[in-house]
2 protein chains.
Amino acid sequence: MKLFFSPLACSLATRIALYEAGVEAEFVEVDPKTKKTSDGTDYRTIHPLGLVPALEIDDGVLLTENAAILQWVAARFPEAELAPRDPLGRARLQQWLCYIGTELHKALFVPLLDATAPKDAKEYALAKADSRLRWLASQLEGREFLLDRFSIADAYLYTVLNWAMVTPVTLEAHPAITAFQRRMRERPSVARAFGEERTLYAKEIARHAAASVWRATSSILGSPKP
Amino acid sequence: MKLFFSPLACSLATRIALYEAGVEAEFVEVDPKTKKTSDGTDYRTIHPLGLVPALEIDDGVLLTENAAILQWVAARFPEAELAPRDPLGRARLQQWLCYIGTELHKALFVPLLDATAPKDAKEYALAKADSRLRWLASQLEGREFLLDRFSIADAYLYTVLNWAMVTPVTLEAHPAITAFQRRMRERPSVARAFGEERTLYAKEIARHAAASVWRATSSILGSPKP
């Protein structure tokens, strides 16, 4: 099993799920800017859309889309109890995966995290933050997890909420959400996954900064235009 | 079972699924502008986010989020075979539900359909149309359905693609997509559901137009400002 990921991207949720399940997997880093994997392969030859996560579950069998991958991991390793098995519990899990994926991840955070998104697109996204976070907070009130016990939905929610720190989204107005974040950070699988990806993220930032200095230097020192 | 829907909104997919399963259900129309149900109830007292679909599966048990509701219907009526049951088939289904829900529905169509979205937010959304539709077309090439047979993913995709006609998204460059639409339209469950909701949609538009004339008239004939 091979997980294609980018540090602190939504693929972090699958790493958490795999650690929860105590499963060995190969992790292949994809640079979100260059779309190159760590061995220099163009990731778009693996997944044409260039999006992470992707999970190679067998030779030539590639799963994409976060909610599908998370549910596949939960189903493949049932002893980790990462997803409810009763029909209503399963529906509630899918409800959360869908809410996090559409309302928070895609509608709110993607435009805010995208350096190329125009200001108005960011403001349009940000205008939905309050209602979406208030609803989330109301559902987390008095609960430890989104469902009755830890599930892949918590791993996904934790991953997405992490992004708030580099956007104008403020979570502090919602104590039920910040308390959830604190609880998650103390969970060994989460602490390990986040710690490892934070280190890789710092390296990614340094690599891009070095590349940008290199480009600037070359443009100054390079051969003058004819 | 009670489906809260708005005409031609993404709740259409659940209506199609219910017709496929041959299931009796109550359909409660929610006006997307006023958020009132047909009997005058404020829908936000039922679902605080005011989003459709919502499915009341039992007294006081309300499911929300399209992908969750569709999968619940498929699981509840297995004889309709609306979802694969093998692990890989299930993962592929969830992959499509997630792709349609995030990349097409939320990222592409929501800003384009939203009259209040700023121009730049619409353009930012539209810029992703080509890659997202090309990928979809490549996957539909030579296939009748997204999976091996009709599934809830087809119902959802058909519903979302319908919106193209009132946005600048052009599907004609992708014959595999327009052929999929034609095949779906011929399917009895789809033809019936679409026909019914198109009629309700026309009534909704007429209602809003009448309300707007009424407001304009009142503002002209009403008492002058002090």
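Reply: This is a predicted model. The largest nonpolar core has 67 residues, and Leu82(A), Trp96(A), Leu136(A) and Leu157(A) have the most contacts inside it. Helix α3 of chain A, residues 87–113, supplies the largest share of this core, nine residues. A second, separate core has 66 residues, among them Leu12(B), Ala21(B), Ala129(B) and Tyr158(B).

Me: Which residues does Trp96(A) touch, leaving aside its neighbours within four places in sequence?

Reply: Trp96(A) is in contact with Trp135(A), Leu136(A), Gln139(A), Leu146(A), Leu147(A) and Ala153(A).

Me: Why is Gln139(A) called partly exposed?

Reply: Its relative accessible area is 30%. Buried means under 20% and exposed means over 50%, with partly exposed in between. The value for Gln139(A) falls in between, so the residue is partly exposed. Gln139(A) belongs to helix α5 of chain A, residues 129–140. Its C-alpha atom is separated by 24 Å from that of Pro188(A), which is 49 residues apart from it along the chain.

Me: What makes His174(A) a buried residue?

Reply: The relative accessible area of His174(A) is 7%. The cut-off for buried is under 20%, so His174(A) counts as buried. His174(A) is found in the loop between α6 (152–162) and α7 (175–186) of chain A. Not counting residues up to four places away in sequence, it touches Asp130(A), Leu133(A), Arg134(A) and Ala137(A).

Me: Why are α1(A) and α2(A) called roughly parallel?

Reply: The axes of helix α1 (residues 12–21) of chain A and helix α2 (residues 66–76) of chain A come within 10 Å and cross at roughly 0 degrees. Angles under 35 degrees count as roughly parallel, so the term applies to α1(A) and α2(A). On the α1(A) side, the contact is made by Ala13(A), Thr14(A), Ala17(A) and Leu18(A). On the α2(A) side are Asn66(A), Ile69(A), Leu70(A) and Val73(A). By class, this contact has six nonpolar, two polar and no charged residues.

Me: How do you know that the two copies are related as by a two-fold rotation axis?

Reply: Chain B is superposed on chain A by a rotation of 180 degrees with 0.0 Å of shift along its axis, at an RMSD of 0.1 Å. The two copies are therefore related as by a two-fold rotation axis. In chain B, the C-alpha nearest the axis belongs to Ala121(B), 2.0 Å from it.

Methods
Residues numbered from 1 in each chain as written. Chains lettered and ligands numbered in written order. Predicted model: local features only at pLDDT ≥ 70, side-chain atom pairs only at ≥ 80, totals over all residues. Heavy atoms only, no water. Axes fitted to C-alpha atoms, helices over the stretch in contact; angles between N-to-C directions. Helix = DSSP H or I, 4+ residues; strand = E, 2+ residues; numbered from the N terminus. Parallel < 35°, antiparallel > 145°, perpendicular 65-115°, else oblique. Contact = heavy atoms within 4.5 Å. Nonpolar A, V, L, I, M, F, W, Y, C, P; charged D, E, K, R; others polar. Least-squares fit on C-alpha atoms with pLDDT ≥ 70 in both. Buried < 20%, exposed > 50% of the residue type's maximum accessible area, 1.4 Å probe, protein only. Core = buried A, V, L, I, M, F, W, Y, C linked by side-chain atoms within 4.5 Å.
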